[in-house]
Amino acid sequence: MLLHEQVLSYNGEVLVFQLSGPKHVEGAAGKTTNLSVRRMAFDRGTKLFTQTSSGVFGMHGSPSEAEMVCCSCTTDSRSGLVLPCVLLKKKKRKNVLKYLLLLLHSSNQFEQCFHFKLDYELEDDVRLLAGPAVLWRRAGRLCHVSRGSCAVQGAPLQLCSVVWAGEAGEEGALALGVRAARVPESEDEPELSTSDGAIWGSEFFAYAIETQKILPGTCFMPHAYSTVVSSVCICKKEVLREQLLISLVAVTRKNQLIWFQDGLPKGVCELPYEKPCSIKTAVTASNNLLFIVSFASGNTCAIWRDSFQVVSKWQKVNSVLVDDFIGSGTEQVLLLFKDDSCADVLSTFRITDFGEINYANGINYKDDTPMAEGLQENSLLTVQALETRLQAGYTSIRELQHHLRLKKKVLLESCRALIDLVQERSHILPTAKKEGLVSLWDDTENPLHSLNKEASMTAKVPEHFVEKLWQRIVDDRLIVGVKLTDSFNLSLSDVSLSLVMDSDLALISPVIECQNKIITLNKAFSALAISSCQIEPPPKKMKLDFDSKNDLEKGLHKRSLKNQLDGAKTFIAVTSLSPLLAFHSVRCTVLLHAKKREHQSNGLQKSKKINLLCGKILLNLEDISHGKYSVKMSRDNSYCTGSLEDILSALAASIRFSFQIVSSDYTLTPVKSWLLGEMECTPFKECHNNLFCQRVGNLHGTVLNWTQKSPFEGVLTLYCRNGTVLFQCLHSLTRALPPSSDIKLLKAGSKDRLADQLALALENEVLISRNSFSSKENEVRKSGTWGKKTSKKISDAPVSPFLDSKEGVEQFRKKLQHEREESVLSMNQAVNGALYQKIALEMAEAQLHTDMIVWRLS
């Protein structure tokens, strides 16, 4: 005899739980009750659910006295795995009810976690939480029981309902409830305003079960919604600057679905049916978020997050499950319909993601009510819009190709001018008309004047400003370092390096593409860090390729670092080695570009751009084959020894990753054992906090830094050569950490700080634009040509004498046309080439800085 049946989705399978009595067998004594489970998987060949395995759990007692209360997937605190969990109820004598909590393992074996006895039935707001634990509401109080205590505990508060329960970061298990508004009893409790208490009469609150703390509920929803919200589904939660940020949807008794972001309503959708009771979310193949709302009448509807409109609705729905049932890697919605003619719960179903996936069995499509016509019409309009965009894209590509060809010519000519400038040779620029471009300065001006002016600045630079020039080779990278003298380095800012080949090849740009890095070392060698090197956005990056004769981008120099460099004295350029080896032997000139700060008589500072010749380096295959420039690290008395240049090269050739490791249950002592044991790390003799990995294989040469903030939290910094080494390190680390540990990648900059920088950058653009117009206005006013008026205007003379005859009208028309032309000419003033060049350069630099911040913020 079938007593109860429930379904649950788990890892793409459908679990069908049935509570029934055993078959009658002769000689059997006593009464027993069986809880059976069937694992059903979807077969894409037959388009039906087939049974893969099954399991049974037997209990003593009459089958009529047992019942399934609820089932859900919860986290087992011992292993950290998410397992199916079932809560059973058994009636005992003297009106005592016994509740059993069972876990289902992958072997289809049921495990009884714990049991507890009550003198009443669980009816209101029963939830299964991680641990596992059971939460419910009884007579206006919150009760819970977990594996650790096995005793029923009550929360010291009164509440009207529980709208959500689950995990919320460091606070652990949270219960979001509604209670009557009241005055806080202590100073520590959040104060509720008088207006909220007088108007709404109730408020939201969050109760941390483990710490027994009461948190304000305003980060979830405003108190005004406490009287209408019946159920909540948390979509996203994170902690930023010790503040809980939550994105959720809630259904109300007014038949509405409301989207809340960080405690504020962002959207509302009218539901097609009455009495909504639950919400589920699904992420489809198009990476769109979908809300599935179930109603007490058995109806269901689906709503897109982007449009916040009802996309489909169904009637006579028995259950709604969300999982990857067909194994596509994304989630689908499984609808199980009521069918009185068949006892199998999976006899009538539909699987859909509202896109290409759509499987159904036993459904009469005439009775089904999805909004198919509207979807087809929207799809047709979308295809037409995409075709129009595709045609426009072809035109844009042709224009971009033409623009890139002109840009290559300009870049190559700029590289040649740079070399002539450094070697103090004159360079004649081609005319703009010859290249089909517009000149940024007047043709009468001498462009060599500005170059000679720049070259004259190098005379003020001291002769011995470079303390050391060195080079190293790590894997496929060439590292060139320049160490400046202390006195000269303090007056520089915005420093970058360029590598220029001594080659006469006409079709190859002599400036080598390189990435600049700055490595800061204090005198005590107690800290070793690489400043963040921000590269340009991907659409602007160009590679070095010697095989293509028409590719003039191969030598483009990337100045990727624009920060203040106070205190830094070692500057490094990193470039690819393979293209340089094609010439067998290459001699490169190392150039330093910077801004030199000079003090004026009035006490202010003035910056001038300078280009300095630091020296030359030589590369050939023989030296590289003999390992002349290789990094050499050795072990000496439990320390890793090597020259300072070797340490800097190992860091410069690596990519920095920082991870925050948090463990809530165990201390992080295994991290040090993992570093010294499995990773075979050795600390640098100059800086003990940084460890050099001596392990044979791909991990050799990786630099690690472990900073422990507390016994349960720390930051691990990895300097890896590539992504493969990073994943190998993380894979090895996860095996050493406790199961409950949480690893989070730390970003270089926060969004709030980048947003402030973006606001300042935009303000700088506005100021530059305003000052440029002011400069133009002052220049024209000094020349006396702004708004210049003629000695005699037509408007000042009598009009009537001109209109007495045809000749007079013609004369009046000619004079009026002449005055109009003079007015237009007085407004169209020519801009001096030097002024226009200065304005264009300032605006371009400001816009480039703004674009970089926007790219990092996105």
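Reader: Where is Asn108 found?

Author: In this predicted model, Asn108 belongs to the loop between β7 and β8 (110–118).

Reader: Why is Asn108 called buried?

Author: The relative accessible area of Asn108 is 8%. Buried means under 20%, so Asn108 is classed as buried.

Reader: What makes the phi of Asn108 worth a remark?

Author: Phi of Asn108 is near 65°, which is a positive value in a residue other than glycine. Ala139 likewise is not a glycine and has a positive phi, about 55°. Ala139 is placed in the loop between β10 and β11 (141–146).

Reader: Why does Ala139 count as exposed?

Author: Its relative accessibility is 67%.

Reader: What joins Gly131 and Pro132?

Author: A cis peptide bond links Gly131 to Pro132, with omega at about -5°. Pro132 is part of the loop between β9 (124–129) and β10 (133–138).

Reader: What makes a set of residues a nonpolar core, and how many residues has the largest?

Author: The members must be buried residues of the nonpolar kinds, joined through side-chain atoms within 4.5 Å. The largest such core has 38 residues, and those with the most contacts inside it are Phe17, Leu35, Leu87, Phe116, Leu122, Val134 and Trp136. Strand β7 (residues 97–104) gives the most to this core, contributing seven residues. Apart from it lies another core of 30 residues, including Phe488, Ile512, Ala594 and Leu612.

Reader: Which residues does Phe116 touch, not counting those up to four places away in sequence?

Author: With that exclusion, Phe116 touches Leu97, Lys98, Tyr99, Leu122, Val134, Trp136, Val145 and Val152.

Reader: Why is Phe325 called buried?

Author: Phe325 has a relative accessible area of 4%. That value is under 20%, so the term buried applies to Phe325. Phe325 sits in the loop between β25 (317–323) and β26 (332–337).

Reader: How far apart are Phe325 and Tyr10 in sequence and in space?

Author: They are separated by 315 residues in sequence and by 9.3 Å in space, C-alpha to C-alpha. Leaving aside neighbours within four places in sequence, the residues in contact with Phe325 include Ser9, Gly12, Glu13 and Val14, together with Phe42 and Ile351.

Reader: Why is Ile397 called partly exposed?

Author: Ile397 has a relative accessible area of 43%. Buried would need under 20% and exposed over 50%; Ile397 lies in between and is therefore partly exposed. Ile397 is found in helix α2 (residues 372–422).

Reader: What do Leu390, Tyr394 and Ile397 form?

Author: These three residues form a nonpolar patch on the surface, with about 290 Å² of accessible area together. Membership requires over 30% relative accessible area; Ile397, at 43%, therefore passes that cut-off.

Reader: Why does Asn620 count as buried, and what does its side chain reach?

Author: Relative accessibility is 14% for Asn620, which is under 20%, so Asn620 counts as buried. Its side chain reaches the backbone nitrogen of Glu622 at 3.3 Å. The cut-off for a polar contact is 3.5 Å. Asn620 lies in strand β37 (residues 605–620) and, with residues up to four places away in sequence not counted, touches His584 and Ser585.

Reader: What percentage of the protein chain counts as buried?

Author: Of its 858 residues, 42% count as buried. The chain holds 13 helices and 45 strands.

Key
Residues numbered from 1 in each chain as written. Predicted model: local features only at pLDDT ≥ 70, side-chain atom pairs only at ≥ 80, totals over all residues. Heavy atoms only, no water. Patch = residues over 30% accessible without salt bridge, like charges linked within 9 Å, V, L, I, M, F, W, Y side chains within 5 Å. Areas by Shrake-Rupley, 256 points an atom, 1.4 Å probe, with all protein chains shown as cover. Salt bridge = Lys/Arg side-chain N within 4 Å of Asp/Glu carboxyl O. Helix = DSSP H or I, 4+ residues; strand = E, 2+ residues; numbered from the N terminus. Buried < 20%, exposed > 50% of the residue type's maximum accessible area, 1.4 Å probe, protein only. Contact = heavy atoms within 4.5 Å. Polar contact = N/O pair within 3.5 Å; in protein donor to acceptor, adjacent residues only side chain to side chain.
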